[in-house]
Amino acid sequence: MIKNFVLCVFIFNSLILFSQRKRVNIDSVIKADNYKVYKNISYGPDMKNTLDLWIADRKSKSPFVIYIHGGGFGSGNKNAAYTKNNFKRLKRLLKKNISFATINYTLKNNDDFLFSSFNDAKRALQFLRFNSEKYNLLKDKVALMGASAGATSSLWIGLQDDMSDQNSSDPILRESTKVSCIIGMAAAHSLNLNRWKNMANVDQAYLKSIFEKYLGKMDTEKWMKRSFDENYISEVDFFEKMDANDPPIFIFNPGKNRKPKNIADFHHNPLHAKVLKERADSLKIKNVVYAPRIGIIDKSGQGVVDFITENLN
């Protein structure tokens, strides 16, 4: 009975999470509630490299969350953090003395496909660490949080070894990319498409037909070939790089387990959560995983804000 109730609650909340588009007028909120907010900070050379930073405590340093929006790597922006429900979560984090950043990033392109998106998110993390004194942040207490594409970017950064470049002439890139925890809403367990094929039990031709549609106006021949190349796969397959030293993960995937009709169906399949949980359990990585439509409900009942608070304090 209790399990069925929890299942209903999570499915209901998931519909809110992914369907709600009404945004809060943050300028009015900032003025009315006297929040300390830095809007449109430039963290890199591209015009898309901007972020908003909400400061939890003006007097003492605070841990912080970086939110990476979704949109299939082809759309979306940092204002996704300001939908009504997401903004409630933001305010709860601020009350718990956790600062919050939401970022824009370069979208998929013909030159390097998804790597601009990944590397922009990585740079935003390193930028805030480099400027932690300026913004009164605890640089060693950081959470990555994202939805859909942003969730997968969070895992790509957080489940790899430290990607700092100590030989870089850019001091920002010398900052660590290791984080305290990762939160993924509708995350993929890898970007190795062969893993997706095996997970969903479809054949290669079916997988490629869906991926080709996703590429759209991009150089289809180039990216169909490269995306199945072993060298490329080694760069995007963070699942393969998971180890016992990885940070705690919170995964919520409310999708249905059905034969995917498009790339979103593939990416949001709840079996991604199942595979991530099995891998994390085998490596003894702390995890809280919910995929209610396939019966995975963490016995703790812990929510996102409590998970972040626990792992940043």
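Trainee: Which residues of H7 meet residues in H8?

Mentor: Contact means heavy atoms within 4.5 Å. On the H7 side the residues are Leu193, Asn194 and Lys197, and they meet Gln204, Leu207 and Phe211 in H8. By class, this contact has three nonpolar, two polar and one charged residues.

Trainee: What should I know about the model and the numbering?

Mentor: The model is predicted: local features need pLDDT of at least 70, side-chain atom pairs count only at pLDDT 80 or more, and totals for chains, interfaces and linings use all residues. Residues are numbered from 1 along each chain as its sequence is written, and side-chain values use heavy atoms, with hydrogens and water left out. Helices (H or I, at least four residues) and strands (E, at least two) are DSSP runs, numbered from the N terminus.

Trainee: At what angle do H7 and H8 pack?

Mentor: An axis is a line fitted to C-alpha atoms, for helices over the stretch in contact, and the angle between N-to-C directions runs from 0 to 180 degrees. For H7 (residues 193-200) and H8 (residues 204-215) the angle is about 120°, with the axes 10 Å apart. The two helices are therefore oblique to each other. The naming scheme is: under 35 degrees roughly parallel, over 145 roughly antiparallel, 65 to 115 roughly perpendicular, and the rest oblique. The crossing of H7 and H8 is right-handed; that label applies if the near helix is turned clockwise from the far one by less than a right angle, and left-handed if anticlockwise.

Trainee: What is the angle between H3 and H14?

Mentor: H3 (residues 84-95) and H14 (residues 304-312) pack at about 30°, and their axes are 10 Å apart. H3 is therefore roughly parallel to H14. Arg89, Arg92 and Leu93 in H3 meet Val304, Val305, Asp306 and Ile308 in H14. This contact divides into four nonpolar, no polar and three charged residues.

Trainee: At what angle do H4 and H6 cross?

Mentor: Their axes come within 10 Å and cross at roughly 65°, which means H4 is roughly perpendicular to H6. From H4 the contact takes Phe115, Phe118, Asn119, Ala121, Lys122 and Leu125, and from H6 it takes Ser153, Trp156 and Ile157.

Trainee: How many residues of H6 are buried?

Mentor: Buried means under 20% relative accessible area, exposed over 50%, and partly exposed in between, with a 1.4 Å probe and protein chains only. In H6 (residues 149-158), 10 of the 10 residues are buried, so the helix is largely enclosed by the rest of the structure.

Trainee: Which residues in the largest nonpolar core touch the most other members?

Mentor: A nonpolar core is a set of buried Ala, Val, Leu, Ile, Met, Phe, Trp, Tyr and Cys residues joined through side-chain atoms within 4.5 Å. The largest one has 66 residues, and Leu51, Leu53, Ile66, Ile103, Phe113, Leu128 and Leu155 touch the most other members. H4 (residues 115-130) gives the most to this core, with seven residues. A second, separate core of 32 residues includes Ala80, Leu93, Val304 and Val305.

Trainee: Where does isoleucine 41 lie?

Mentor: Isoleucine 41 is in strand E1 (residues 36-42) and counts as buried at 10% relative accessibility. Beyond its neighbours within four places in sequence, isoleucine 41 is in contact with Asn49, Thr50, Leu51, Leu53, Phe127 and Tyr135. Isoleucine 41 and aspartate 52 are 11 residues apart in sequence, and their C-alpha atoms are 6.2 Å apart.

Trainee: How do I read a positive phi?

Mentor: Most residues other than glycine have a negative phi. Phenylalanine 73 has a positive phi, near 65°. Its place is the loop between strand E3 (62-68) and H3, and phenylalanine 73 is buried, with a relative accessible area of 3%. Alanine 186 also has a positive phi, near 60°. Alanine 186 sits in the loop between strand E6 (181-185) and H7 and counts as buried at 1% relative accessibility.

Trainee: Is proline 247 buried or exposed?

Mentor: Proline 247 counts as buried, at 7% relative accessibility. Its location is the loop between helix H11 (238-241) and strand E7 (249-252). Not counting residues up to four places away in sequence, proline 247 touches Gly158, Val179, Ser180, Cys181, Ile182, Ile285 and Lys286.

Definitions and conventions:
Ala, Val, Leu, Ile, Met, Phe, Trp, Tyr, Cys and Pro count as nonpolar, Asp, Glu, Lys and Arg as charged, and the others, Gly among them, as polar.
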